[in-house]
Amino acid sequence: MVVSATVLQGGCHCGQVRYEVAGRPYHATLCHCTDCRRISGAPMVAWFTVRSGEFRVVQGTPQRYRSSDAAWRSFCGACGTALTYERDGTGEVDVSTCSLDEPEAVPPEDQTFARSRLRWAEDLHTLPAHLTLRP
């Protein structure tokens, strides 16, 4: 279950960009779309949604770019951390869950664009798991 209304804090890897989310996150998901995979270099990206007025940058200035005809993405210009996704006209902002200081606070509730999921990502739980580096 997604956390109730609270203030969540997060930012980029290098610390130049910091943000706050005040409000109740919803639509917490693991996205498998090709665009999310490309921008992150990962097999999937965890996102959650808040109303645009509930997301506030408190330090630094994220870079923004038009990732499609109908959406913007933001990231840290120094370290490249993906931060947000905004579709035009929705009044919402999707925030990358793992850019939160405490990403465990907003676990995914579903998966989107599952038709684009990498086949090998379906069985990740069957791979050997090492608690740190491989021995």
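Guide: Two strands pair if DSSP finds at least two bridges between them. Strands are DSSP runs of E with at least two residues, numbered from the N terminus. The model is predicted: local features need pLDDT of at least 70, side-chain atom pairs count only at pLDDT 80 or more, and totals for chains, interfaces and linings use all residues. Residues are numbered from 1 along each chain as its sequence is written, and side-chain values use heavy atoms, with hydrogens and water left out.

Start with strand S6, residues 63-68. S6 runs antiparallel to strand S7, residues 71-75, and five bridges join them. Serine 68 faces alanine 71 of S7 across the pairing. The link from S6 to S7 is a hairpin through two residues.

Now follow S7 onward. Its other listed pairing is with strand S8, residues 82-87. That pairing is antiparallel too, over five bridges. Tryptophan 72 has glutamate 86 in S8 as its bridge partner. S7 and S8 also form a hairpin, with six residues between them. Glycine 80 sits in that turn and has a positive phi of about 90°.

Positive phi turns up at non-glycine residues as well. Histidine 27 has a value of about 50°. Histidine 27 belongs to strand S3, residues 26-31. Phenylalanine 113 has a positive phi of about 55°. Phenylalanine 113 lies in the segment after strand S10, residues 110-112. Phenylalanine 113 has a relative accessible area of 43%, so it counts as partly exposed (between buried, under 20%, and exposed, over 50%; 1.4 Å probe, protein chains only).

Key
Helices (H or I, at least four residues) and strands (E, at least two) are DSSP runs, numbered from the N terminus.
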